[in-house]
Amino acid sequence: MRAMYLVTLKFRVHPLALSLSNPNELSQEMLTLDGPLAFAEYYKKKLSTSKDWRIKYLEDTLFPKKELEWASSIKSSYLLPTVLDKENEIVKLLTPMGFSALFSIDNQRAKYEYSKGKYPRRLESSQIILRLGRRDDILKAEVFRKAKNITLTKQVKLPSSQSGPYKAVDYTVKLYTTHILWASIVDGISKKELEDLLLILKKFGIGKKRNMGWGDLLGYNIYDLKKDSVTPEFIIHSSDDSRYLETIRPVSPKKIAELIGNPNRKTRSKKYVLIDSKLEYGADGPPYWRRQLVVKSALFQIT
């Protein structure tokens, strides 16, 4: 039986998704859980019987006879930073727009209670500044030239690595993660299937740099969640006598436009006023390497 679940996940270090904002600045982006779950589902169905699944995976992704199809029906919210209050049996999620959403938990069941906080207080992505030294690239080019026995047609002076624009620069990257517990709302899969896929992710990890602990999944809990004021796509807040609807996963601009102005929508008795949104290039479902315009997050006031 397929239902909706609140899944809490404990990492050694939270997995990273980085986007390049300009030549020397990386921004940390929010991750959805359905991408890793879709990979685990693909591994279970198509790769697990191979002697070396990595070769089969590379063949499917790098040299496909046709575009790799992702037929997964799993849908999830972003991985949201979470605090667990065991004494009061409360799970508190911090949403992208800065609301604290509280869920009560009891015997592997979760119920969305209410939100705390006042808009606006958007949860901004952390910034990672990276100054790159270029000397290594110059040396690699020279090694390659000599290995291939390439002769330059005229005398060329190599750029100086001691001064000027090609000066070598050492750099240090420091990452700070304030939460080790994260949560996601998942739909479109049975509880048994979800447990099987999370076991696979516990083995492989989520994200890159596994040997450094990024995305190393240590444990998880699955709570049955009733569909009410929260789904993998949105959550409804009540704050200061106002009600808000917030998206908590990437959505297409078309869906946002339909929510605002479609007279045929089922919720036409309610009016949704867009008061904040953030656009980016990405995808609204797996595979996330596709590049299209999506609404990363949006906040509406319900009137």
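Biologist: Is Asn-107 buried or exposed?
Modeller: This is a predicted model in which residues are numbered from 1 along each chain as its sequence is written, local features need pLDDT of at least 70, side-chain atom pairs count only at pLDDT 80 or more, and totals for chains, interfaces and linings use all residues. Side-chain values use heavy atoms, with hydrogens and water left out. A residue counts as buried under 20% relative accessible area, as exposed over 50%, and as partly exposed in between, with a 1.4 Å probe and protein chains only. Asn-107 has a relative accessible area of 69%, so this residue is exposed.

Biologist: What is the phi of Asn-107, and where does this residue lie?
Modeller: Asn-107 lies in the loop between E7 and strand E8 (109-116), where helices (H or I, at least four residues) and strands (E, at least two) are DSSP runs numbered from the N terminus. Although Asn-107 is not a glycine, its phi is positive, at about 55 degrees.

Biologist: Which relative accessible area does Gln-108 have?
Modeller: Gln-108 lies in the loop between E7 and E8, and its phi, near 60 degrees, is a positive value in a residue other than glycine. Gln-108 is partly exposed, because its relative accessible area is 35%.

Biologist: Which residues outside its sequence neighbourhood does Ser-100 contact?
Modeller: Ser-100 is found in strand E7 and counts as buried because its relative accessible area is 13%. With contact taken as heavy atoms within 4.5 Å, and leaving aside neighbours within four places in sequence, the residues that Ser-100 touches are Lys-92, Leu-93, Leu-94, Tyr-114, Ser-115 and Lys-116.

Biologist: How many residues apart are Tyr-43 and Phe-204, which form an aromatic pair?
Modeller: Rings of Phe, Tyr and Trp (its six-membered ring) pair if their centres lie within 6.5 Å, and planes under 30 degrees apart count as stacked, over 60 as edge-to-face and the rest as tilted; by this rule the count comes to eight aromatic pairs. Tyr-43 and Phe-204 form one that is edge-to-face, at 5.0 Å centre to centre and 80 degrees between the planes. Both residues are buried, and the pair links Tyr-43 in helix H1 with Phe-204 in helix H4, a separation of 161 residues.

Biologist: Why is the pair of Phe-99 and Tyr-244 tilted, and how many residues apart in sequence are the parts that it ties together?
Modeller: The ring centres of Phe-99 and Tyr-244 are 5.7 Å apart with planes at 45 degrees, so the pair is tilted. Phe-99 is buried, with a relative accessible area of 0%, and Tyr-244 also counts as buried, at 12%. Because Phe-99 lies in the loop between strand E6 (90-94) and strand E7 (100-106) and Tyr-244 in strand E13 (residues 242-247), the parts tied together are apart in sequence by 145 residues.

Biologist: Which residues line the largest cavity?
Modeller: On a 1 Å grid over the protein atoms alone, a cavity is a set of points where a 1.4 Å probe fits but cannot get out, and lining residues have an atom within 4 Å of a point. A search of the whole structure finds one cavity of 30 Å³ or more, and the largest has a volume of about 30 Å³, the volume being the space filled by probe spheres set on the points, which are joined across faces, edges and corners. The lining consists of Leu-80, Leu-93, Thr-95, Ala-101, Phe-103, Ile-185, Ile-235 and Ile-248.

Biologist: Which residues does Thr-303 touch?
Modeller: Thr-303 is found in the segment after strand E15 (292-302) and counts as exposed because its relative accessibility is 55%. Thr-303 and Val-273 are 30 residues apart in sequence and 7.7 Å apart in space, C-alpha to C-alpha. Not counting residues up to four places away in sequence, Thr-303 touches Lys-270, Lys-271 and Val-273.

Terms used: 1 Å grid on protein atoms, 1.4 Å probe; cavity = no way out; pocket = protein on both sides within 12 Å on 5 of 7 lines; lining within 4 Å.
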